Amino acid sequence: MKTKEYVTKFYVQKGNTQYFDNKGFMKAFIGEFNERLELTRQARLSSNMPFTFNLFQNLVKEMEDKFWAISNKRPSIGFTQGLWNTFYAMGVIPARKEYFPKEHAEIDARRKKYLENQVGQIGAPLLD
């Protein structure tokens with residue numbers, strides 16, 4: 001879907017959060033990401049070319065650029081970082097875990113180590 005189509009379909013242009021269909025938007029945006037991911041992966045495999053983690057990261061970056069471009073079409077109230085984080089948690093992380101389990105495990109281990117260090121610095125647990 002093009003940026004303008006997202007704006008029209010999910011009432012992004014209204015500028016009022018009561019009209020914005022964030023659940024529908026997120027479902028469509030994750031769907032587009034998954035579709036682009038699978039098309040890229042299949043094209044690479046059919047050409048006997050590897051689908052690398054770098055390509056995956058580039059696709060995530062393209063989606064992030066599109067996300068903020070859609071946000072910029074929203075008068076006065078753009079999207080929040082939290083909405084991007086929701087997409088990342090619901091779309092990017094599951095795909096990364098499925099297609100790149102080694103890289104996912106490394107990233108997850110670094111994240112856990114970082115959070116453990118943060119707990120030690122502030123004296124209160126962040127995770128159970």
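**Helix packing and buried residues**

Helix 2 and helix 4 pack with their axes 10 Å apart, at an angle of about 30 degrees. Axes here are lines fitted to C-alpha atoms, for helices over the stretch in contact, and angles run from 0 to 180 degrees between N-to-C directions. Helix 2 is therefore roughly parallel to helix 4; angles under 35 degrees count as roughly parallel, over 145 as roughly antiparallel, 65 to 115 as roughly perpendicular and the rest as oblique.

The model is predicted: local features need pLDDT of at least 70 and side-chain atom pairs count only at pLDDT 80 or more, while totals for chains, interfaces and linings use all residues. Residues are numbered from 1 along each chain as its sequence is written, and side-chain values use heavy atoms, with hydrogens and water left out.

**Overall make-up**

- The protein chain has five helices and zero strands; helices (H or I, at least four residues) and strands (E, at least two) are DSSP runs, numbered from the N terminus.
- Read from the N terminus on, the elements of the protein chain run α-α-α-α-α.
- Of the 128 residues in the protein chain, 30% are buried, where buried means under 20% relative accessible area, exposed over 50% and partly exposed in between (1.4 Å probe, protein chains only).
- Among contacts in the protein chain with a separation of 6 or more, 60% join residues 24 or more positions apart; contact means heavy atoms within 4.5 Å.

**Helix 2 with helix 4**

- Helix 2 passes helix 4 in a right-handed crossing; a crossing is right-handed if the near helix is turned clockwise from the far one by less than a right angle, and left-handed if anticlockwise.
- On the helix 2 side, the contact is made by Phe-25, Met-26, Phe-29, Ile-30, Phe-33, Leu-37, Glu-38 and Arg-41.
- On the helix 4 side, the contact is made by Leu-83, Trp-84, Thr-86, Phe-87, Met-90, Gly-91, Val-92, Ala-95 and Tyr-99.
- The contact of helix 2 with helix 4 divides into 13 nonpolar, two polar and two charged residues; Ala, Val, Leu, Ile, Met, Phe, Trp, Tyr, Cys and Pro count as nonpolar, Asp, Glu, Lys and Arg as charged, and the others, Gly among them, as polar.

**Helix 2 with helix 3**

- The axes of helix 2 and helix 3 are 11 Å apart, and the packing angle is about 150 degrees.
- Helix 2 is therefore roughly antiparallel to helix 3, and the crossing of these helices is right-handed.
- Helix 2 contributes Phe-25, Phe-29, Glu-32, Phe-33, Arg-36, Leu-37 and Arg-44 to the contact, including Glu-32, which is taken up below.
- Helix 3 contributes Leu-55, Phe-56, Leu-59, Val-60, Glu-62, Met-63, Lys-66, Phe-67 and Ile-70.
- By class, the contact of helix 2 with helix 3 has eleven nonpolar, no polar and five charged residues.

**Helix 3 with helix 4**

- Helix 3 (residues 53–72) and helix 4 (residues 81–99) have axes that come within 12 Å and cross at roughly 155 degrees.
- Helix 3 is therefore roughly antiparallel to helix 4, and helix 3 passes helix 4 in a right-handed crossing.
- Phe-53, Phe-56, Val-60, Met-63, Glu-64, Phe-67 and Trp-68 of helix 3 meet a set in helix 4 that includes Trp-84, Phe-87, Tyr-88 and Arg-96.
- The contact of helix 3 with helix 4 holds twelve nonpolar, one polar and two charged residues.

**Nonpolar core**

- The largest nonpolar core has 25 residues, of which Phe-25, Phe-29, Phe-33, Phe-56 and Phe-87 touch the most other members; such a core is a set of buried Ala, Val, Leu, Ile, Met, Phe, Trp, Tyr and Cys residues joined through side-chain atoms within 4.5 Å.
- Two or more residues of this core come from each of helix 1 (3–9), helix 2 (22–46), helix 3 and helix 4.
- Helix 3 gives the most to this core, with seven residues.
- Not counting residues up to four places away in sequence, Phe-33 touches Phe-56, Leu-59, Val-60, Met-63, Phe-87, Gly-91, Val-92 and Ala-95.

**Single residues**

- Glu-32 lies in helix 2 and counts as buried because its relative accessibility is 11%.
- Glu-32 touches Met-1, Tyr-6, Met-63 and Lys-66, not counting residues up to four places away in sequence.
- Arg-96, in helix 4, is buried with a relative accessible area of 7%.
- Arg-96 and Phe-56 are 40 residues apart in sequence, with their C-alpha atoms 8.0 Å apart.
- Asn-48 lies in the loop between helix 2 and helix 3, has a positive phi of about 55 degrees although it is not a glycine, and counts as exposed at 74% relative accessibility.
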